[in-house]
Each structure stands twice: as C-alpha cells, then as structure tokens.
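Here is a walk through one protein model, taken in steps. Keep the sequence and the 3D view side by side as you read.

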Amino acid sequence: MAVRLGIGAGKGRVIRQLLTESFLLATLGGLLGVLFAVGGIRFFTVALASGSRAFPLQAQINWRVFAIAAALSIITGFLFGLAPALQAARVDVIPALRGGVAAQSASRPRLLRLSLSQVLIAVQIALSALLLIGAGLFVRTLMNLQSVDLGFNREQILLFKINARQAGHKDPELTTFYRDLQQRLASIPGVRSATVSNSPLVGEGTWGSPVVPIGTAAPEHPADGHGTFGEGKDTHILTAGPDFFATMQIPLIAGREFDERDRPDSAPVAIVNEAWAKEYFGARNPIGQQVVLETDGKRQQMEVIGLARNSRYGELTRTFPPIVYMSFWQNLYRPPEEATYALRANGDPLALAGAVREIVRQADPRIPITGLKTQAAMIDETMTGQAMFARLCTGFAILALAIACVGLYGTIAHTVGRRTSEIGIRIALGASRFQMVWLVVRQVAVVTSIGLIAGFVAAFGLSRLVESFLFGVKPADPATVAAALLTLLVAAGTAAYIPARRASRIEPVAALRHE
C-alpha cells in the first residue's frame, strides 16, 4: 500500500481496491455458508432430534434465508473491510518505504494498545465463554433430569390411551368396559401386570382437588381440575385401577392397594402418598383415617387404606407432590373420559403393540388407540426442550470456540511474522528463547483475559433469563464456570502454541535479513 501511495495512487482508489477484495471474500464466504446449510441442515436436525418424533424445531431453507444470508454477507464485507482499508490508506509513506514492516510495527506500543483484529478476537472469546457457560448449564440440567428420582420404575412399561365415551359408551357401562379391557390386556403373553388410570404419571399435567382429613378445613383457593399446578399444598388426584402400584412399582409402606374388593357399591377408599400424609397427619399413621374430597360442590368421605412412597406426578422439575389415589372402579371422582393403560412387560414393551391393538379392536373396533409409547419415551419427551437447548448451545459453543481459536492463531501468527526482525534482534542481544515465547504468550494472555472477563460478566448478567429452564443447577454454578474457563484457556493456549514456538526458533541472522 505504501508503494502504491508513493507512486501517486489516491487514498480513495486504495480503499476501493481493499473493499472490493473484502466484498469478494464475503460473497464467497456467504455462498459457501449457504451451500453448507443446504447440505448440513438435515444432518443437524436429525442429530438434535436424536430420533424423537416430537422434536419441535423444523428448519428449512427458503428465499428469506437466502436474502438474509446475502444481506449479512454484504454488511459483513463492508463493515469489516472498511476499517482495515482506512487504516491502510492512512499509512505514513516515507517511514514505511524506508523501514518496511518493522518501522510500522515499531511505531506504536503493543502491550496495552489492541488492534482491531485483537478486539474482534476478544469479542469472539467473550461469545465463546457465554455459549460455553450456557451449554454447560443446559447439559447439567439434562443430566439432572435424566437421573431424577421418579419414585417408580419407568422401564418395560407400555402406555396407551383410549376414549370409549367418544365411541358411544355411557356410565355405568363405561367403567365396566374399561375394567374388562384391563383384565384382557393382563392376559397377553409377555405381560407381567396391567393397570388403568385417568392420567399418566408424567407428561400430561395432573388432576387436582382438595382432600383433607375429616374435620379439617379445606385450604383457601385450592386447585380443582386438570392442569399444571405450582409448588404448594394442592392435593393431586389420580384414579387408579387394581395392580397400579405393582405395575408402576411404587412401593407401599403400609396398607394395601386397590383390588376387586373396591367396587362402586363398596365403602369408598383412598391411598395417600408420604407427602400428603406428612402435610395432614405428621408422624401419625394415616391408615384407617377418614378423609373428605371436595369437588364440584360435592363432598365425598373416604377411608385411607394404604400409604405409598412419593412419586412424580406431572412435571419432573417439581418436588414430590401430595397425591391422593382413588379407585378407578368406584368412580368417586370426575366421570372417566379417557383411560390410560399401563402394561409392564417381561421384555421389550413395544413388542406388545400388535396384541394390544387386536384386543382393543375386538373389544370395540370404533375406539382408536392414541399415545402408544413406552413410559421411558414419554418421560424423555418431557425433556425435549432442555435437550434441544443443551445440544444447540453445545454446537454453537464449539463453533464459536473454533472460530475464536482460528482467529487467535491467525492474529498471533501475523504478528510474529511482522515482528520477525525485532525478535531476531532481541535474540541477538541476548534474549532467551523463553523470553520470546513469553513475548507472544503475553499478547495472547491480554486478549484472552479481556474476552474472558467480558464473557463471564455477560454470562452472569444473562443467566437469569434462562433460570426457568434450569433444574438442579444454579445460573452461577462454580463447576460449570470452571469447566468453561479451563476449556477456553486450553483452546487459547493451543492456538498460540505454534506461533510462540515459531518465534522461539527464529535465527537472528535469518531474521536480520528478513527485511
């Protein structure tokens, strides 16, 4: 550039030349990016979904994406080409022609003053730190959800739902139809036990209505109906048929579970879990106690016949809710609409799907089967959002880290090349190889430190926005921050190793001839 300016080229012409080169590179980069997107979008979608049919992200390429890519390429080429072009056009011609690169590089201090490229590298490192911390938090959340104590055994369970009322079945024949179907399903070869309930334990919200010991006032503004209830004392209701606790493998601490004795004409009964018993009975034994259900303006008195271990009902991220189990056959709660069947298999539960469809077809060919899946698959579907965030953040963090490392390596390698003569003079005057390595590492340390500080500050400031998506981990989790810090330091050190090693091996005689 100094030679061009020295022989009469105007600054505008130099700027136009450099901007043209910048636009050309940006356009080629945009085209390559679009080609990569076309070829890789399906791969990334499949990788993120991990075989889940309920994956919510469906990305596709259209003219809007092409327009945005073209606009970003043009803007990038202009913004990031203008600053170097202006800097090149302002070069001091005489010193540059006399001293070459060394004169330009020696004209300003290097320790604290950062070039534009170094500032951009710091920004990339900050973004990498932000994404790495986010990825770490979501990965920790996913691991916590996958290891959460369910209170029941999710393996080897086949779930499906039917709605016989829509097919024309009415009360009280509806309850009899559901009971007979449970008995027929239990007789399928390979089925260890079968049961029925008004809702699955996880994945579709909960039923709730106030249930209190007799003589105790119901809580104010209790939940009454179906939905997702928050943390609190609201009683969750689940109507269950015989063998429910055996099929789901929820341990009974005391008493018995529902069986054929619990008919519509027998004494109303209920089973409570530990959370409900602790809330209303403390350390007392609830077996044999009378409780009252209040719903839709009606009161129903029941006897507690069993005490069950706590289990999840509704969302995985909440504490064990207080649950009152009621007999599905006694039909004391809201009239059953949809019934959820659970079959515990001796082997692969999906192998029972054909037999299940045939039995339901024989019972009533008008009734469709919905939601046929394993209990494990249903639970995994509730983690789809967290899994997607974890994979997306991890992918973007790796990409940002790779870009930052490439940029850091390129910047440091370029700096070492510009300062070859200076490094040779230092070595000729007695500087050690270690000092030359430190000369390069110091520059990397300054840029990396600035990027890390900015990234961690941004991460702590923005972590509150994703706090509602986290489970079992705090936004400022020390282990996650430490892992992100270590990853970035290792990556930055690796990126700086080759230029630093090259600087330490420069021969003074060859360096002095460099210009």
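This is a predicted model. Begin at strand 11, residues 323-327. Five of its five residues are buried, so strand 11 is largely enclosed by the rest of the structure. In a regular strand, side chains alternate between the two faces of the sheet. Look for that pattern here. Ile 323, Tyr 325 and Ser 327 point one way. Val 324 and Met 326 point the other way. Both sets are buried.

Which strands pair with strand 11? One is strand 6, residues 236-240, which runs parallel to strand 11 and is joined to it by five bridges. Within that pairing, Thr 239 has Met 326 as its bridge partner. The other is strand 8, residues 269-273. Strand 8 runs antiparallel to strand 11, and three bridges join them. There, Ile 271 stands opposite Tyr 325.

In soluble globular proteins, nonpolar side chains tend to be buried together. The largest nonpolar core in this model has 71 residues. Tyr 325 is one of the residues with the most contacts inside that core, along with Leu 201, Phe 244 and Ile 250. Helix 5 gives the most to this core, with 11 residues.

Now zoom in on Phe 244. What does Phe 244 touch, leaving aside residues up to four places away in sequence? Its contacts are Thr 195, Ser 197, Leu 201, Leu 238, Ile 250, Glu 257 and Tyr 325. Leu 201, Ile 250 and Tyr 325 are also named with Phe 244 as residues with the most contacts inside the core.

Next, turn to helix 13, residues 433-462. Helix 13 has 30 residues. From its first C-alpha to its last, the helix reaches 43 Å, close to the 44 Å expected at 1.5 Å a residue. Its buried residues include Met 436, Leu 439, Val 440, Val 444 and Val 447. Further along, Gly 451, Leu 452, Gly 455, Phe 456 and Ala 459 are buried too. What covers the buried residues of helix 13? The cover includes helix 5 (116-146), helix 11 (384-418), helix 12 (420-428) and helix 14 (478-504).

Charged pairs come next. The count of salt bridges is 17. In one of them, Glu 274 pairs with Arg 309, the closest N and O atoms being 3.3 Å apart. Glu 274 lies in helix 8 and Arg 309 in the loop between strand 10 and strand 11, so the pair ties together parts that are 35 residues apart in sequence.

Arg 318 and Glu 315 form another salt bridge, with closest N and O atoms 3.5 Å apart. Arg 318 is partly exposed at 27%, and Glu 315 is partly exposed at 32%. Lys 373 and Glu 381 pair as well, with closest N and O atoms 3.0 Å apart. Elsewhere, Arg 256, Asp 259, Arg 261 and Asp 262 are linked in a network of salt bridges.

Finish with the cysteines. How many disulfides are there? The count is zero. Cys 393 is buried, with a relative accessible area of 16%. Cys 405 is buried, with 19%.

Definitions and conventions:
Residues numbered from 1 in each chain as written. Predicted model: local features only at pLDDT ≥ 70, side-chain atom pairs only at ≥ 80, totals over all residues. Heavy atoms only, no water. Buried < 20%, exposed > 50% of the residue type's maximum accessible area, 1.4 Å probe, protein only. Helix = DSSP H or I, 4+ residues; strand = E, 2+ residues; numbered from the N terminus. Pairing = 2+ DSSP bridges. Expected span 1.5 Å × (residues − 1). Contact = heavy atoms within 4.5 Å. Salt bridge = Lys/Arg side-chain N within 4 Å of Asp/Glu carboxyl O. Disulfide = S-S within 2.5 Å. Core = buried A, V, L, I, M, F, W, Y, C linked by side-chain atoms within 4.5 Å.
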